[in-house]
Amino acid sequence: MELRVLVSSLAGTSCFSTMKHRAHMDGDVTIAGFFPLNTLGKDEYTPIFKNYQFVLALVFAIEEINKNPVLLHNMTLGLDIYNVEFRAWTLFKNPFIWLFGKYKIPNYSCMRDRRSMAVLTGPSGITSDQIGTLLGLYRFPQFTFGPFDHALRDHNKLPALYQMAPKDTSIATAIVSLLLHFNWNWVGLLASQDENGSWFLAELEEEMAKNRVCAAYELVVSSQSISHFLRVMAAYNKINNSSASVLIIYGDKDSVIFIVLSLEQMLMQGKVCVMNLQWDFTMKTRYFVLGSLHVPLIFTHHHVDVSGFTDFVKAVNPSKYPEDIFLARLWYLSFNCSDAESDCVTWDNCPHEASLDWLPGHIFDMTMSGYSYTIYKTVYALAEALHEMLLLQTEVYTMGNRKGGVPSPAQLHLFLKNNQFYNAAGDQVIWDEKSKLEPEYDILNIWNFPEGLELAVKVGEFSPYAVHGNQLSLSEDLVEWAIGTTETPNSICSESCGPGFRKSRQERKATCCFDCTPCLEKEIANISDMEQCLKCPDHQYANTERNQCLLKAASFLAFGDPLGMALACMALCFSMLTVVVLGVFVKYKDSAIVKANNRTLSYILLISLIFCFLCSLLFLGHPNTVTCILQQITFGVVFTVAVSTVLAKTVTVVLAFKATSPGRRMRWLMVSGAANFIIPICTLIQVTLCGLWLGTSPPFVDTDAHSEHGHIIILCNKGSITAFYCVLGYLGFLALASFTVAFLARNLPDTFNEAKFLTFSMLVFCSVWLTFLPVYHSAKGKVMVAVEIFSILVSSAGLLGCIFVPKCYNILLMPNKNSPYRFRDKRHSRRNMHSHDKTQRIFKNYQFVLALAFAIEEINKNPVLLHNMTLGLDIYDVEFRAWTLFKNPFIWLFEKYKIPNYSCMRDRRSTAVLIGPSGITSDQIGTLLGLYRFPQFTFGPFDHALSDHNKFSALYQMVPQDTSMAIAIVSLLLHFNWNWVGLLTSQDENVSWFLAELEEEMAKNRVCVAYELVVSCQYISHFLRVMAAYIKINNSSASVLIIYVDKDSLIIIMMTLEQMLMQGKVCVMNLQWDFTMKTRYFVLGLLHVPLIFTHHHVDVSGFTDFVKVVNPSKYPEDIFLARLWYLSFNCSDAESDSVTLDNCPHDASLDWLLGHIFDMTMSGYSYNIYKTVYAVVQALHEMLLLQTEVHIIRNSKGTVPSPTQVISSTSEANTINKDSC
């Protein structure tokens, strides 16, 4: 017995247990629908009614058609909607009930008046397949509105099934276009293990191969095992640890839910998921929180907007559709219409104005989805086919009812196959799969910020009908990448090879994985990602970037070149020097030394040397035929004259001694002047060789396009290398002969015997030209010419220096030696030079006192701070020597030096101590003051050794820790592209911390350490002077030296580096103090180019004006100021230490002093003192205001707190903190 519940209004009560589990609407012809309507009510799942939009789309389309006077005249459409569950044992339950009236009695129908003409199933392909097998037995038209499924194309198995979604023929092209748009060429593939996945992978891999996009990995999984499969470590490592940042997912609806769930559990942050999601992906919020993790980009079929649908949905309520159990349950679950213990709805409890647009978007979407549009389109297609059938059919078998005859469902197939029309939305509908248009795609991005928003935003579209290159349009500014990231993710196997580089394949890897190899010297790559470099023509060369061929410029060793100019200046200078020597010899021609060494030969040798120097100028300038010939001929002849003259002088010396011996037959050679014939004979032989050279193969102008990059060298070709070496060899023979004869005559007894000088000159000459040969052969272009010129100059200078410089020395400076008579007694005089080293006094540190006084005077004038109480100060000098370090602290504490723990100062009113800037000094004094719980403030650099609060319970460091020093130094290195540096540090706790920070930051930015020296203050001066350290620093290829040390070590390091004269080094330092404190220690500005990092501080107004008015009369108890005045302004005689201020200039001021002696601007340490005073005063002020019971020491000015109370107040004050002070 059928029980129908009619609800005419929201009044009354309805119970779901008595309602039929369907949605029904009467009509002459009905359409059945089997949808996954998971409205589970009180179960454990959160009710989400996204799929209920399928029902509303069907109702909306039916109501539109029923109102249309053109379609189905005198006939109305109705519907029956059933839920379908994706479980094998309950999948056929509702289809059986709809077909036969009962669940367990198939092929026997209790429903005599059934008027259904078609069935809608979807979106799952598996569900449509199962139900289609059943409906195919009865030739019942079945329409699927899910994505196109290749498994449903078998018309033999499913003859009555029609797929309404178009085939994804261009999905691969669309996805690859998106990849190319973002320059992603290294992606992962994840597809379902079915016919759809296989087809998609084949299409995608073909399209990727065309566009050089590579797959990092490929995973094919099934929905049954994917949840287990993706959890195993192999798949996790392949996806999450892959360098590919993009993952392409393609599968059916059921598979994708499992995929997304598994990906979410694995938390693969930073991956961009590109999906073929043709359904509403936010259907299950528990499955998808990937908006911030995986950045999904979703391809969905584009569809036109259907007007009126949103307004229709707003007006839907259970009173309008009383036979819709799904709508009633939706109302029941959404608007709290009943108690939780009952399944009956008291409609009076529901809000009367309730509407579906009250629901959040992730529960119910008001806009028509892609699947809903397919349903809408299917209803119109069915109505058109039914309309055509009713018009053309003459005889039909109908079932009688009150509205007329209804055709049978089997007859509808003939009108469905070739039907084409435009629906009410203006969209063309084509039944034939082969004639269907390719789909256009919308690209959606899920916005999940704030968390849980999960808003699908259209960011682009793809149209296969657009012009190639313009098919994809994308708004990148709308894409929400991972939270905290604004830049587009990068997914490439290898960075693109820019111009100047070519791609070289990596072995056993995809084509997208390659190395960028620089083009060779004569090759270029003018575009990115070239497979091969292009070779430049011979008259062109590749620029340094290897991306362009440039015309080579003509080049030669010109006078204007630095090298040419230097060689020309050397030649002219030596020529002038030779002329001067010749002048000296002419002037002192009658001196014994000039006469004894054969005056005429000396003149000839000097004149030939002048031409030897000048002949080198022929090698400079633009070569031509004349200069090329004169170069070698002049060189050969004039050098032959010079060397033969030396040979003649040597032979003359030998003959002079041999011929003077009694009975010698060679006496006539000496008398006849036979030695004088050596010069013309030797020169004639060389001229003959040069003549043969010019007659056979003379020198000529030639070009060299390969020796110098970017230039064509114009030079003189020797013509005949053999002739050139014959000329050079002949010169070598003469030089060797001269050397041999002079060597044999070197010990001949005589006061003016020059054989030793001739021997040494020939040794130099031969050494130069022997060295010339290998160097000349290895040199090319202009360097080869320069080598020859240099050899000419050096060999000529060797002759001039070795032979004539000693003679000129004797002639000009030792005239007593220029005599045949020499005295043997020698007198020596010694001059004792006494130098007085005055160390310039520098008063930089006195600014510490002034900063303290300035802050105290400011506070004393402040009516708000320390009301009725004033501040004072006691300043003592502290020496950095172990035996005197505690002298002044003891005097301050106990009034005497050698009686500790006994104080004679009953009225001491000190509340705090400032110490610095040395950390070692602060350490030592802090240990002493900690015994008495005296507040101590250090204004020097932050020292990790002072951070031990157990040891230094009363010590506060006012300078922050250098947490960003390493980043700052590496930023400076990167700015100048320095990636090869040395490290020099002191051996203490501060530097160990800094080194760890610096090396970590350098490793991140690929900056390397050439060497690392860690030294201590005690032996650093000795250490840096040893040769090993000197070679490591000075001879290293690293031009940058990073120095991070404490103040005491730094002065010794700088002084040692200065003594070693390491020119060209750039020193980067952590200088947190005034480095110009000692000018004698630092003159490295020109040698080591220091770059110094100091703490930034604000300017303190009024300090400079305060310093200008400081003088001893204003502060009569300041001995340091009085001594500064005494030493700076000549206030007393040098013999007395008493200061008479009347002798000082009355208008004297500290701004008279030079900046390196005293600085008027507040330094970093002075600012720390200024800041410290205010911090202590603030703590003291807070203590006096808030403390109710304090122990005080009374005096005439009021009550003064004890130092231990200041410590307590200081620890609680906001202005001072032991860790962050």
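**Helix 21.** I began with helix 21 and found that it is mostly covered, since 22 of its 31 residues are buried (buried means under 20% relative accessible area, exposed over 50% and partly exposed in between, with a 1.4 Å probe and protein chains only). I noted that this is a predicted model, in which local features need pLDDT of at least 70 and side-chain atom pairs count only at pLDDT 80 or more, while totals for chains, interfaces and linings use all residues. Residues are numbered from 1 along each chain as its sequence is written, and side-chain values use heavy atoms, with hydrogens and water left out. Helices (DSSP runs of H or I, at least four residues) and strands (runs of E, at least two) are numbered from the N terminus. In helix 21, residues 782-812, I then located a kink of about 40 degrees at F804, shortly before the proline P806; the bend is the angle between axes fitted to the seven residues ending at a residue and the seven starting there.

**Salt bridges.** I looked next for salt bridges (a side-chain nitrogen of Lys or Arg within 4 Å of a carboxyl oxygen of Asp or Glu), and the count came to eight. One of them joins K718 and E788 at 3.6 Å, N to O. K718 lies in the loop between strand 27 (711-717) and helix 19 (721-744) and E788 in helix 21, so the pair ties together parts that are 70 residues apart in sequence. K718 is buried at 8%, and E788 is buried at 2%.

I also recorded the pair E461 and K458, at 3.1 Å, N to O, where E461 is partly exposed at 35% and K458 is partly exposed at 37%.
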